[in-house]
Amino acid sequence: MNTFTAPEIDYVAIAPILIVAIAALLSVLTETFLPRSVRRPVQMILTLISLIGALIVLVINRDIRTITGGGAVAIDGPALVLMGTILILALLSAFLVAERSLDSLGDSFAPSAAALPGSVDEREFSARGYFQTEIWTLFLFAVLGMLAFVVANDLLFMFVALEVMSLPLYLMVGMARRRRLLSQEAALKYFVLGAFSSAFFIFGAGLVYGFAGSISLPEINDALASTAGETLLIVIGMAMLLVGLLFKVGAVPFHQWTPDVYQGAPTPITAFMGATVKVAAFGAMMRLLYVAFSGIQWDWEIILWAVSILSMIIGSLIALTQSDVKRMLAYSAIAQSGFILVGVVAASPSGISAVMFYLIAYGLVTVGTLAVISMVRDSTGEATHLSKWAGLGKKSPVLGAVMAVFMLSLAGIPLTSGFVIKFSVFAAGIAEGDTWLVIAAVVASIIAAFFYVRVIVVMFFSAPNENTASVAVPSIFTTITVAATVTATLVLGIIPQPMIDLLTNAGIFIR
Amino acid sequence: MSIDGELVVFIICGGLSVIGALGMVLSRKAVHSALFIAMVMINLAILYIANSAPFLGMVQIIVYTGAVMMLFLFVLMVVGVDSSDSLIETIRGQRLFGILFGVALAILLIGGIGSSLGDKPDIGLKAANDEFGGNVEGIANLIFSDYLFAFQATAALLITAGLGAVILTHREAWKPKASQKELSVARFMVGAGHPGNKPNPGVYARHNAVNTPAILPDGSLALDSVPEPVRSRDDSLIVDHRAVSTVVELVESEDQN
Amino acid sequence: MDPIYYIYLATLLFSIGAIGVLVRRNAIIVFMSVELMLNAANLVFVAFARMNGNLDGQTVAFFVMVVAAAEVVVGLAIIVQVFRTRASASIDEPNLLKY
């Protein structure tokens, strides 16, 4: 009979995650004990300090490479880069969540999520200036889930982290202040489809466990290497795991939720979700495929080829037909997932670096674009129909210029980060022999450029009419976010070399 | 394949599980579906025990069936027990597509698994259960060593769940609750409606069926004595028995003539 | 008996659950079907734990139960909120979001 031995835990390695976890718990306590008037500033300060603190600790300990927590957590180069990306993007999104000068009624969230839309309760809460400050708690828990998701080294921790990341997002999507019916419907749809794909994930994990006798990623790899070879069991298991992960990034055919959720969610949450969930999900996907399933690379490459081509083409084609800016951005996000998958399929260190660069740059552009969208308003709230953007560039040139930079970056025009990231991903793909995939990607990029440039054309080359929305003046929060993202987009486009060097050294997954 | 106790248990419990699953998917009423899935879960608990997982079997019954499914039933009570599906499909052929997808999935999975698991040895859990002195001890060892972080992350998950439930459903009271005196005063204000009890259907009328309105002292009908569902469905359901009694008097007077 | 029969049963239950999610329109029944799928996954873990001879599968099944319980809480809270707003539990009636 054995006795219990405690696992060894490297607290320094997991310090960023611990900081965010402690902040989330303190956030719950502030909700419980502090009076209403003090909650909002305390929550905001707590969130900002914890995210910045975690980032500082991460940068200080950037040379750690270890597997800890009884084999459940792997801190390696990609993990550190992805954690840093998530923290930066979360910080920028947190500024958007804090913004309350754009909407005359307050911030972007319903004053009380439990009050029925259009009821006396809701009007009363709004008039009294109540805020749903629990949004900060949910925000921190979502960040915690994402950080855990990219460092998870076994399937159970990955599944639990997936749920910790997703549940707060399901809740936050339904808490918009304006168009609450749309928001609640989006939350319901996101939740049902999310739960459905999580069930596929855990069933696939079960099949993989049956094959390998273990759920730890390195041990699955050992089992694949030692047995007579792959069997259909593990391929099916891996495919079902991928279903769960591809749902999170919105790849075809698991993209049904994306347009509805992007449109219905409050804009700061769309920014947060659109940027960071992709980072977390692609990070986990790469770890899963490269560490556990490198033995059956041929099988998952076929699957990802197909998903990538479908996502790029279908996402771009449908985006052409959209007249709502947020929905168009959602379909463009589907297409961008396809582009990122080109890098994942490459399965080389340069591919990994290219994917990470793509995630960073695309995340920044997404947050920036949605920050700009949140500033374009009319009497009913945000004006997201493209017809209301006519002549906006003439009415407010700064906003027009910023939006133009973001659109050009998404389209992949040189001098913006979008060109560099597409180039690195395509180069990695061609180096690994996926030439047809890259050709399809280039074709999709050309199609996509049409709807990105259309936004610029509508803004600058149409005359402003009486329907054109106006631009609300933001407070320091949104201004910081927009300034940071547009600067980063231009800097990464003009001098990308420092970032490329940083990422090249971080392209190895630990086993 | 020998006929042993485990096979019998498998056939009975497995069969009941499949029947329960089909019942859940095919039931018209949501409460029936909830009860069918509770049946599935209890049968699965028995199968867990048959697979040397007694702790898990007990947790399945106590936590999963006993707490989670009861939560479903509570919510069904709040939402409306008779909420039924609309039979109109939003996307044409979605029902057919769903069934085909499920059948294809079943064939793919069973075929794939069957072909690749043909001769996997059944090691059994005797050694693993004895390693730490029991099934519970063995699971405890794993939870606190290999899966410690998953355990802590699950704590974060439960906090989120509790917080989310409170955010979405707890309506804060922004005005103090009206006291009984205030409610009573409001009831007797002019124009506030009927201050006392409303008459039951059929008071002073010839019949006391639920669709017979009561007759007020001045001979007029009290329409609000008929219950709301009957009143709102169809006006012709309300029978005015004053007219009938008048006809009877008319006939009687004709007979006398 | 051959423990692989448990896996077949689990696969069958999983497929029935998947059909339930795709076919039914009532949000609560769709969610119950997802619960059925999670239960099927649990059965896979328990059966393979027995076949592999280690308790990892049972531990994972235990955690899946906890996660499913938390998911049920959040999901039903969202459904109750939508119901209160809309006085119905159908997925289709909120047809505000078009293609």
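Visitor: Where in chain B does Ser27(B) lie?

Guide: Ser27(B) sits in the loop between α1 (5-26) and α2 of chain B. Helices here are DSSP runs of H or I with at least four residues, strands are runs of E with at least two, and both are numbered from the N terminus. Before we go on, please note that this is a predicted model, in which local features need pLDDT of at least 70, side-chain atom pairs count only at pLDDT 80 or more, and totals for chains, interfaces and linings use all residues. Residues are numbered from 1 along each chain as its sequence is written, chains are lettered from A and ligands numbered from 1 in the order in which they are written, and side-chain values use heavy atoms, with hydrogens and water left out.

Visitor: Why is Ser27(B) called buried?

Guide: The word buried means under 20% relative accessible area, exposed means over 50%, and partly exposed is in between, using a 1.4 Å probe and protein chains only. Ser27(B) has 8% relative accessibility, so it counts as buried.

Visitor: What does Ser27(B) touch?

Guide: Leaving aside neighbours within four places in sequence, Ser27(B) is in contact with His32(B), Ser33(B), Phe36(B) and Arg24(C). Contact means heavy atoms within 4.5 Å. A polar atom of the Ser27(B) side chain also lies 2.8 Å from the backbone oxygen of Gly23(B).

Visitor: Why is Val63(B) called partly exposed?

Guide: Val63(B) has a relative accessible area of 35%, so it is partly exposed. Its place is in helix α3 of chain B.

Visitor: What makes the nonpolar surface patch?

Guide: Ile42(B), Ile46(B), Ile49(B), Met58(B), Ile61(B), Ile62(B) and Val63(B) make this patch of about 560 Å². The elements giving two or more residues to the patch are α2 (30-50) and α3 (54-79) of chain B, and the largest share, four residues, comes from α3(B). A patch is made of residues with over 30% relative accessible area and no salt bridge; nonpolar side chains (Val, Leu, Ile, Met, Phe, Trp, Tyr) are joined within 5 Å, and like charges within 9 Å. Accessible areas come from the Shrake-Rupley method with a 1.4 Å probe, and for residues only the protein chains shown count as cover.

Visitor: Why does Thr137(A) count as buried?

Guide: Its relative accessibility is 0%, so Thr137(A) counts as buried. Thr137(A) is found in helix α5 (residues 134-151) of chain A. Not counting residues up to four places away in sequence, Thr137(A) touches several residues, including Ala24(A), Gln43(A) and Leu163(B).

Visitor: What makes the pair of Thr137(A) and Gln43(A) a polar contact?

Guide: A polar contact is a pair of N or O atoms within 3.5 Å; within protein, one must be able to donate a hydrogen and the other to accept it, and residues adjacent in sequence count only if both atoms are side-chain atoms. The side chains of Thr137(A) and Gln43(A) make such a contact at 3.5 Å.

Visitor: How do you know that Glu172(B) and Arg36(A) form a salt bridge?

Guide: A salt bridge is a side-chain nitrogen of Lys or Arg within 4 Å of a carboxyl oxygen of Asp or Glu. For Glu172(B) and Arg36(A), the closest N and O atoms are 2.4 Å apart, and the pair forms a salt bridge. The rule finds one salt bridge across the interface of chain A and chain B. On the side of chain A that touches chain B, α6(A) gives the most, with eight residues.

Visitor: How much area do chain A and chain B bury between them?

Guide: About 3,600 Å², 76% of it on carbon and sulfur atoms. Buried area is the accessible area (1.4 Å probe) that two parts lose on being put together, summed over both. In this contact, 51 residues of chain A meet 37 residues of chain B.

Visitor: And how much do chain C and chain B bury between them?

Guide: About 7,300 Å², 73% of it on carbon and sulfur atoms. This contact takes 69 residues from chain C and 84 residues from chain B. Between these chains the count is two salt bridges. Arg50(C) forms a salt bridge with Glu6(B), where the closest N and O atoms are 2.9 Å apart. On the side of chain C that touches chain B, α3(C) gives the most, with 22 residues.

Visitor: How many helices and strands does chain C have?

Guide: Chain C has three helices and zero strands. Of its 99 residues, 84% are buried.
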